[in-house]
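These are my notes from a look through one structure.

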Amino acid sequence: APAPAPDAGTRVPQDEPERPRAEGDDMTRRDYSKDCLGSGCHAKLNEAPAVHGPVSLGACETCHTPADEGKHEFRNARPDETLCTSCHAQAEAKKVVHKPFAQAQCLECHDPHRGKTKALLAGEGGGKLCEKCHEPPKHPVLHGPVAVGECLLCHAAHQSDHEKLALLPGKDLCVKCHAEVGDLLAAAPFVHGPAAVDCAACHLPHGGEDARLLRKEGNALCIECHDSVAEKIQKDPHVHGAIEGEKGCAGCHTPHASQLKSQLRAVASELCFTCHDRELVDPATKKRVANVAREVAAAQFKHGPVRTGDCQGCHYPHSSSFDDLLHQSYPAEFYKPFSEPAYALCFECHEKALALEERTTVLTRFRDGDRNLHFLHVNREKGRTCRACHEVHGSSQPSHIRKSVPFGSGGWQLPINYQKTPAGGSCSPGCHKPKTYDNGGAAATAPAPREKPRVAGN
């Protein structure tokens, strides 16, 4: 560090009281065989863990030159701005320069003669020295280096090419200590934008309200950037309970990096089943949410998106205008007159013609000859909705057909009693007498549902 010096024309700072002298004593140094230390006046300047080089050699004239020896007054041996740098040469100025250093005010931080450390920092040094100019943080939780006054672990004392005199830019500074996060960022294919650049986008560098030093708590921090998700959550009547839970966004997303897109903690099906492995109750509507994991595990025949682990094929992860966070309308009732908008969710994958064409030999195997039985069931005043016959996630029967369906408010499970046959099938449900149908056998094959594009955004 540059060697500080007193202002020109002033007395040398005294670290100890001058020796007593009688009035009229000549204080001009006459005995040149003794230096300032050996004369007995400033001996204690050499008694410290670290001593400025010229002081240790008794070479006081390196920095001081007599102004009036009779009055024991001295001036700087060189101009203030070059007194220290004549010995302590500095590299070319960097982008950010500490104000005292820029103004050659070395004594703001350094003792010119001695100190407790090699840098000859003034006073106690460390954080206490910085607090002369920088107000100490008053947060209940302090960053480790701040708590022990080690400001120079993160900041350069004189100059730097980085903001706030940081030793390194952005996250590179943080991962010097937080190596486990650095390893994660380096190994993960999907990294949270702020974590890839600057940890201070989410964390306070000096202190905060909790151990993570977050700038804001929970979801309030996330929506500062993810405002489109926040706007949708605010306007939609149905919000995913996980968002409003204790963990909030962090329940499904990692804050730093992941092996999966959107920094998900696990693949969608596994992630969803961390909560949907038990029966839940929507706190807002008091609606019961079934144990989906149990349903899926028991199902021999699974709905396509369930089979591929694509819960987002039908559900939005954050919020929706429709019940159960669905993309589109899906009738909750057993009976409902048919309309295309009412079945919009199903028609995202399945052909509308299933419900619109009365006669067909190729659209579906659920037909009697060429009579389309889907059309028959839905196109009436008391049309049977899809859920009247099909489970939404999976079933022990082909085409995920139900064994029974909830009917009415009393909790009765209306039986379907479906049986598949080589030429078609039969059912004897509680809603009509037993019926059979013949579709001509396996030769007449229904087209597969069209491929559905992945849902983006929410």
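Is Lys435 buried, partly exposed or exposed? I looked up its relative accessible area and found 43%. Buried means under 20% and exposed means over 50%, so Lys435 counts as partly exposed. I note here that the model is predicted.

Entry on the positive patch. I placed Lys435 in strand S23, which covers residues 435-438. I then looked for the patch that holds Lys435. Arg371, Arg380, Lys433 and Lys435 form a positive surface patch.

Entry on salt bridges. How many salt bridges does the structure hold? I found 13. I wrote down several of them.

I began with Arg212, which forms a salt bridge with Glu217. The closest N and O atoms of this pair are 3.7 Å apart, and the cut-off for a salt bridge is 4 Å. Glu217 is partly exposed, at 48% relative accessible area. I also found that Asp210, Arg212 and Glu217 are linked in a network of salt bridges.

I went on to Lys216, whose side chain meets that of Glu224 in a salt bridge, 3.0 Å from N to O.

I next took Lys287 and Asp324, which form a salt bridge with their closest N and O atoms 3.1 Å apart. Which parts of the chain does this pair link? Lys287 is in the loop between strand S12 (280-281) and strand S13 (288-289). Asp324 is in the loop between strand S15 (319-320) and helix H14 (353-356). The two residues are 37 residues apart, and the pair links distant parts of the chain.

How do strands S19 and S20 run? I found them antiparallel, with 4 bridges joining S19 (residues 404-407) to S20 (residues 412-415). I looked up Ser404 and found that its bridge partner in S20 is Pro415. S19 and S20 form a hairpin with 4 residues between them. In the turn I noted Gly408, which has a positive phi of about 75°.

Notes
Residues are numbered from 1 along each chain as its sequence is written. This is a predicted model: local features need pLDDT of at least 70, side-chain atom pairs count only at pLDDT 80 or more; totals for chains, interfaces and linings use all residues. Side-chain values use heavy atoms; hydrogens and water are left out. Two strands pair if DSSP finds at least two bridges between them. Patches are made of residues with over 30% relative accessible area and no salt bridge: like charges are joined within 9 Å, nonpolar side chains (Val, Leu, Ile, Met, Phe, Trp, Tyr) within 5 Å. Accessible areas come from the Shrake-Rupley method with a 1.4 Å probe; for residues, only the protein chains shown count as cover. Lys and Arg count as positive and Asp and Glu as negative; His and the chain ends are not counted. The place of a charge is taken as NZ of Lys, CZ of Arg, CG of Asp or CD of Glu. Buried means under 20% relative accessible area, exposed over 50%, partly exposed in between (1.4 Å probe, protein chains only).
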